[in-house]
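This report looks at how the parts of a protein model meet one another. Please keep the sequence and the structure in view while reading.

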Amino acid sequence: MSNLRVDGKGRINRDKRIRFTFDGVSYEGFEGDTVASALLANGVHLMGRSFKYHRPRGPVTAGSEEPNALIGTSRGGAGRFEPNTRATVQEIYEGLTTVSQNKWPSLNFDVGAINDKLHKLFAAGFYYKTFMWPKSFWDKVYEPVIRASAGLGVSPSEPDADAYASRYLYAELLIVGAGPAGLAAALTAARNGTDVVLVDENRELGGSLLSEAPASIDGKPTETWLSECIEELSTLPNVRLMTRSVAIGYYHENMVGVAEKLTDHLAYPPAGAPRERMWRIRAKEVILAQGALERPLVFDGNDRPGVMMASAAQTYLNRYGVKVGTAAVVMTSHDSAWYAAFDLVDAGVTIAALVDVRSSVGDHLLSEAQARGITVKTGHTVLSVAGKKRVSGVQVGRVTGDGKVSDITSVSCDTVLMSGGWTPSLHLFSHTKGSLHWDEENEVFLPGEKTERCHIAGGGRGLWSQQAAFDDGVLAAEQALTSLGQTAKTISVDVDGDRAGSGIVMEELPSNDDKLLAGHL
Amino acid sequence: MAFNTIVETLPAMGRFSLRCKRENTVAMSKALGFELPSTISELVRSGNVTALKLGPDEWMLTCPMDERAKIKEPLAAVYADAVHSLTEVSSREVSIRVSGPEAEELLSTSCPRNLRELTVGCGVRTVFDSVQVILTREEQNQFRLDVWRSFVPHVMGLLSVATKEFECGL
Amino acid sequence: MLLIHCPYCKEKLPELEFEYAGQAHIARPLNPAEQSDAEWRDYLFIRSNVRGDHAEQWRHTHGCGRYFNALRNTVSDKFIATYEIEQPRPTGSEEGEKSNEQLES
C-alpha cells in the first residue's frame with residue numbers, strides 16, 4: 001500500500017486518523033477526506049466498472065460532477081445501504097463500509113469485461129437483436145444474465161430506515177456557491193445588513209480557494225483571509241451559512257430546493273437525527289455563484305483509471321494533500337492545466353510531458369514550465385492510453401496541418417491529467433427557463449435572458465480568474481441589493497498571484513484512427 | 001443545544017363560525033357588544049370572547065365552553081333583522097399551543113407561509129403539511145394552531161418529530 | 001411553487017393554499033331549460049386552451065376560502081393579475097393577447 005500524502009498540504013485533519021473499508025479491504029484516511037481522496041492516497045484508482053462493457057473506472061473529478069467513481073455505501077443496519085454514491089463526495093468516517101459496483105466476480109477480475117473486447121459485436125441495441133433466439137432461452141438464460149450485469153449498482157432491498165426533515169425558509173438574498181464570487185457577494189450583502197443565506201455543497205466554504213489558493217488576498221495568506229471571512233459571516237445575525245447543502249432545484253418565484261446532508265459524515269449520529277433536511281428557500285433575490293466545470297478531452301482510453309481532470313488532481317493535492325500519481329502526462333487545450341502541472345511538480349510529482357494541442361502558448365507559461373524542468377510538447381496530442389486497470393503510458397504525436405498526427409512516441413506515466421477548458425455551471429439557471437447564448441469568442445454558453453430575479457456571478461459568466469470572480473460577486477450583490485431597494489456599500493477584495501488563463505475548445509483530439517472514439521459505456 | 005419550545009394541546013373551548021354579509025356586520029357587532037374585525041387576519045378580543053376575521057364574510061368566534069351562550073343568544077336575537085349563519089364548531093377543532101424561543105422555526109418545518117410576516121395578535125387560515133389549520137400568533141414566541149380533530153394525531157406527530165430533530169441539534 | 005396574490009387577503013401567498021378552479025368568466029345560462037343540447041354542451045364542457053394569457057378561476061381554499069379570477073400566461077406560468085370575482089377581465093400583455101386572438105379566430 002503506497003502512501004501518496006504530501007506533507008504540509010491539504011485541509012484534512014492529520015491528527016484524526018479514520019479507518020474505513022472498500023470491497024472488504026481496510027484503508028486509512030484522515031478526517032476531511034472523501035472516499036476517493038483516501039483511496040487515491042492509498043494508490044487505489046480502480047473504484048468501479050462501467051455498466052455495459054464493465055470497463056474499469058476510476059475517479060475523473062474531485063467533486064459532485066463525478067460520473068465514474070460510483071460506489072455502494074453501508075451506514076450500518078438494515079435499510080442503510082445506498083448504491084451509486086459518488087466516492088468523490090462521500091466523506092469518510094470511522095467504520096464506513098463501501099463496495100464497488102458492476103463487477104462480477106470481483107473488481108479486479110471481471111467476466112463481463114469480455115463485452116469490452118467484443119464491443120463491435122455488441123453495438124447499440126444488441127440485446128434486442130442478439131437474444132431473440134431460441135425463444136425459450138429468454139426467460140431462463142438471457143434475461144437473468146443481462147439483468148445481473150446491467151444497470152448501475154444494486155437497488156436497496158430493505159426500506160429506508162432513516163428519517164428526513166423539511167423546512168421552509170424565507171430570505172432576502174440566497175447565494176448558491178461559496179467560492180470567491182459567492183463569498184464576495186455574501187460579504188457585500190451581509191455588511192449591508194441584508195438577510196442572507198449562503199449555501200454550499202462542500203463541507204467547507206471556499207470553493208476554488210480551497211483547491212487553488214492564490215498567493216494572497218487583501219495582503220493576507222488565502223487561508224487566513226478565508227477563515228476571517230467565514231468568521232465574520234458566521235457571527236453576523238443576518239447571515240445563515242449552510243454547508244453540505246446542495247441546491248437541487250430552482251422553482252417558480254425564486255424558490256430553491258436545498259438538500260442538506262446532516263449525518264452522512266458522522267460515525268455516530270445523534271439518536272433520532274434525520275439523515276437529510278430538505279429546505280424550501282424562498283428568496284427575494286438569488287445569486288448563482290456555482291463556478292464552472294472542467295471539460296474532459298476525447299481520446300482513446302480517456303476513461304482508464306488514472307486519467308482524470310487536471311483540476312481534480314490539483315484539488316486532491318491542495319485540499320486533501322494527495323498526489324494522484326507519481327508520474328503524470330498533462331493533456332490540455334487550456335492554460336489552467338499548466339498551473340495544475342506547476343502545483344504538482346512543486347509537490348514532487350514528475351510531469352512526464354505537458355502536451356498542449358495548441359501550437360503556441362503564453363511565454364510566461366513556457367518559462368515557468370522551463371524553470372521546473374517540465375518537458376513541454378505544444379502542437380501535440382495524446383492518441384491513446386496504455387494500461388488496463390491503471391494507466392501505464394500514453395502515445396503522443398505531433399499534430400500536422402491536415403489534422404493527422406505524426407512523430408508518434410510513447411511516454412510512460414501512471415496518471416494522465418486532461419483539461420479541455422471550462423464550462424459555466426448553469427444547471428440551476430436553466431431550471432428557470434433562462435436562456436443561454438453561445439459566446440463565439442470564448443466558446444462557452446453564457447446566461448442570457450432571465451425569467452426570475454436572479455443574478456449569475458463568477459465562473460458562471462465565463463470569468464475564469466479569481467480576482468474577476470470576487471469583483472463579479474460584489475457586482476452581483478450590488479445589483480441584488482439595488483433590486484431590493486437597499487443601497488449597497490461596495491467592498492473590494494484584492495487578489496495577488498491570480499492565475500487567469502485562456503484556451504481553445506476541442507471536440508475530439510486529432511488522431512489517425514477514423515473510428516468514432518466516443519461511447520465507451 | 002438547548003431546546004425550550006413546548007408543544008401542548010389546550011382544553012376544549014367554544015368555537016363558532018360566523019358568516020354574514022357586509023351590510024349586516026354592524027348589527028352583528030352591536031349584538032355581540034364589540035366591533036367585529038374588518039380586515040382579514042385581524043383578531044379582536046372582548047373579555048373572554050375573541051373574533052378572528054378569516055375571509056371577507058367569515059369570522060371565527062371563540063369563548064370558554066361555559067360562556068357559549070354569550071355568543072349564541074345575542075346573535076339569535078337579531079337573526080330576523082340581520083340574516084347570518086352561526087354554526088357551533090366547538091368539538092370540530094382542537095387547539096395546539098407552540099411556545100418558546102424556537103416556536104417560529106419549529107412551525108416552519110411544515111408551514112409554507114412566511115411566519116416572520118405574521119404579526120403578534122393576528123391569525124390566518126393556512127396549511128400545515130397539507131392540513132388546513134388556523135394559525136394565530138398570540139405572542140412573539142407563542143403560536144396557536146386550531147386543527148380539525150381528525151388531523152390532530154398527524155399534526156402532533158409532525159411536531160414531535162420536529163421537536164426531536166431540534167433536540168439533536170443538527 | 002408559485003406565489004399567488006389573493007385579491008381578498010391582499011397578500012402574496014404560497015400556491016399550497018390555493019386550488020385551480022377552471023376557466024373564468026363563463027356565465028351560467030339564466031334559463032337552462034331554454035338551451036339547446038349544443039349550447040348546454042358548450043357551457044358545460046367547451047373550454048379554451050390558450051397558449052398565452054388565460055383568464056382562470058382560483059380558490060384560496062386554505063385561506064379566506066374565496067374564489068377569485070386571475071390572468072396567467074400559460075407559457076411563462078406567470079400571473080399577470082388577480083382580481084375579485086365580479087370584476088371584468090383585464091388586458092394582458094401584447095404578446096399574450098395576440099395568441100388569444102389567434103385561438104379565437
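## Two domains in chain B

The C-alpha centres of domain 1 and domain 2 of chain B lie 24 Å apart. Domain 1 covers 6-10 + 92-168 and domain 2 covers 13-88 of chain B, bounds that come from an automatic or database domain assignment.

The model is predicted, so local features need pLDDT of at least 70 and side-chain atom pairs pLDDT 80 or more, while totals for chains, interfaces and linings use all residues. Residues are numbered from 1 along each chain as its sequence is written, chains are lettered from A in the order in which they are written, and side-chain values use heavy atoms, without hydrogens and water.

## Where the domains meet

In chain B, 14 residues of domain 1 are in contact with nine residues of domain 2, contact meaning heavy atoms within 4.5 Å. Two salt bridges are counted between these domains (a side-chain nitrogen of Lys or Arg within 4 Å of a carboxyl oxygen of Asp or Glu). Arg15(B) forms a salt bridge with Asp146(B), with the closest N and O atoms 3.7 Å apart.

## Where the chains meet

The contact between the chains takes 13 residues from chain B and 15 residues from chain A. Together they bury about 1,300 Å², 50% of it on carbon and sulfur atoms; buried area is the accessible area (1.4 Å probe) that two parts lose on being put together, summed over both. Five salt bridges are counted between chain B and chain A, and Glu165(B) forms a salt bridge with Arg167(A), the closest N and O atoms being 2.7 Å apart.
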